[in-house]
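Visitor: I would like to learn how to read a sheet and a core. Where do we start?

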Amino acid sequence: MPVEDRIAVDVETAAEMLGISRGALYPLVMSGDVPSFKIGRRRLVLIDGLREWAATQIDADGQED
C-alpha cells in the first residue's frame, strides 16, 4: 500500500518522509510533539499529525524555527 493511502507509518518511514534520521525523529515522537501510538511493540506515527507538526516548524517568513 502506498504511503499516501496510509493513516500511520512506522517511525523509520516517517523519518524518511521528513528526510531525517530515525534517531532525530524518535525523541519528538516520544515527547508527544509528533503524534503516535503503539500497537504491541510497534510505534506508529499518524501521517496527518506529522504533516501538522512539520507545518508548525515554519514561521511567517518561511524560515525554520
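Guide: With pairing: two strands pair if DSSP finds at least two bridges between them. Helices (H or I, at least four residues) and strands (E, at least two) are DSSP runs, numbered from the N terminus. Here, Ile 39 has Arg 42 in β3 as its bridge partner. This is a predicted model: local features need pLDDT of at least 70, side-chain atom pairs count only at pLDDT 80 or more, and totals for chains, interfaces and linings use all residues. Residues are numbered from 1 along each chain as its sequence is written, and side-chain values use heavy atoms, leaving out hydrogens and water.

Visitor: In what order do the 3 strands of the open sheet lie?

Guide: Strands of a sheet pair through backbone hydrogen bonds, either parallel or antiparallel. In this case the order is β1-β3-β2, with antiparallel pairing. β1 (8-10) and β2 (36-39) are at the edges with a single partner strand each, so one side of each lacks a neighbour in the sheet. β2 and β3 (residues 42-46) share 4 bridges.

Visitor: Which residues make up the largest nonpolar core?

Guide: In soluble globular proteins, nonpolar side chains tend to be buried together. A nonpolar core is a set of buried Ala, Val, Leu, Ile, Met, Phe, Trp, Tyr and Cys residues joined through side-chain atoms within 4.5 Å. Here it has 11 residues, including Val 9, Leu 25 and Trp 53. α1 (11-18), α2 (22-31) and α3 (47-56) each supply at least two of its residues.

Visitor: Why does Leu 25 count as buried?

Guide: Buried means under 20% relative accessible area, exposed over 50%, partly exposed in between (1.4 Å probe, protein chains only). Leu 25 is buried because its relative accessible area is 0%. Leu 25 sits in helix α2.
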